[in-house]
Amino acid sequence: MQIDHTILVRYGAVIKKVNKGEFVFLEGTLPLFFYQVLEGEIRLYSSSSEDRELTQGIFRDRETFGEPPLLLGKRYPSTAQASKNSTIIKIRKENFLALLKDHPGLYEPMLYHFAERIYNKATTAQIWVNQRPEEKILRLLKKIKGRSSCPQQWCVPYTRQQIADHTGLAVETVIRTLSRMNKEGKIKIFKHKLYY
């Protein structure tokens with residue numbers, strides 16, 4: 001869901017540069033702001049006690065993130081970190097709620113936005129519960145290709161490490177599995193780029 005940033009600014013939002021690797025918020029902290037990416041990329045991930053990270057989502061230009069804990073007043077279940085140099089806009093919760101009250105037309109798009117996120121979480125859960133690395137990778141590739149309008153083979157925009165972070169696999173397992181899948185003709189690797 002995208003809210004016109006000029007409206008957000010009228011309600012007290014501030015624009016902030018976030019350097020690659022910088023944290024926007026940390027798992028376990030209380031939410032205070034509504035966030036929207038103006039440009040760049042923010043990754044939401046959860047960490048295990050063994051310091052393994054599982055990517056919950058990647059948010060790019062004009063996408064919002066972190067709203068459910070903010071609206072529920074619950075602690076963040078994940079960490080938000082810039083994957084590349086980014087510009088975000090943030091607005092305090094009380095100002096955001098006032099904006100929604102003054103602009104009731106935003107409720108319907110927000111409802112569909114949350115429904116889409118819930119659906120994506122359910123399809124992501126299917127990736128995590130698969131036992132075989134190939135099944136996990138194929139489900140992820142189908143999921144991200146489903147967002148693309150290109151029906152033929154296309155270049156996957158994720159690195160091997162990002163695929164590992166999304167599937168819960170070790171990067172070495174991802175590399176070995178992709179190599180085998182390439183030999184079997186299920187994917188194509190050309191000049192270090194992955195095509196599906």
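Here is a short walk through this predicted model, one selection at a time.

Before you click, some ground rules: residues are numbered from 1 along each chain as its sequence is written, and side-chain values use heavy atoms, with hydrogens and water left out. Since the model is predicted, local features need pLDDT of at least 70 and side-chain atom pairs count only at pLDDT 80 or more, while totals for chains, interfaces and linings use all residues.

**Stop 1: residues 1-117**

Select residues 1-117, which UniProt lists, in an unreviewed entry, as "domain: Cyclic nucleotide-binding". UniProt positions are given in the numbering used here, feature names are shortened, and annotations may be inferred rather than shown by experiment. Over this stretch the chain is 28% helix and 40% strand, and the end C-alpha atoms are 10 Å apart. Helices (H or I, at least four residues) and strands (E, at least two) are DSSP runs, numbered from the N terminus.

**Stop 2: strand S6**

Now colour S6, residues 79-92. Is it mostly covered or mostly uncovered? Mostly covered: 10 of its 14 residues are buried. Buried means under 20% relative accessible area, exposed over 50%, and partly exposed in between (1.4 Å probe, protein chains only).

Which strands pair with S6? Two strands pair if DSSP finds at least two bridges between them. Next show S2 (residues 23-25), antiparallel to S6 over 2 bridges, with Phe23 opposite Gln81. Then bring in S3, which is also antiparallel to S6, over 11 bridges; look for Tyr35 opposite Lys90.

While the strands are on screen, a tip: in a regular strand the side chains alternate between the two faces of the sheet.

**Stop 3: salt bridges**

Go back to Lys16, whose side chain meets that of Glu22 in a salt bridge (3.8 Å, N to O). Lys16 is partly exposed at 32% relative accessible area, and Glu22 is partly exposed too, at 28%.

Which residues form salt bridges with Arg43? One is Glu53, at 2.6 Å, N to O. Arg43 sits in strand S3 and Glu53 in strand S4, 10 residues apart. The other to select is Asp165, whose closest N and O atoms with Arg43 are 3.6 Å apart. Asp165 lies in helix H6 (residues 160-167) and Arg43 in strand S3, so this pair ties together parts that are 122 residues apart in sequence. Arg43 is buried, at 12% relative accessibility, and Asp165 is buried at 12% as well, whereas Glu53 is partly exposed at 32%.

**Stop 4: the largest pocket**

Finally, select Gly57, Ile58, Phe59, Arg117 and Asn120, which lie nearest the centre of the largest pocket among its 33 lining residues. A pocket is an open set of points on a 1 Å grid over the protein atoms alone, where a 1.4 Å probe fits, with protein on both sides within 12 Å along at least five of seven lines; lining residues have an atom within 4 Å of a point.

Which element gives the largest share of the lining? H4, with 8 residues. Elements giving two or more residues include H4 (107-129), S4 (53-60) and H5 (133-146).

Terms used. Salt bridge = Lys/Arg side-chain N within 4 Å of Asp/Glu carboxyl O.
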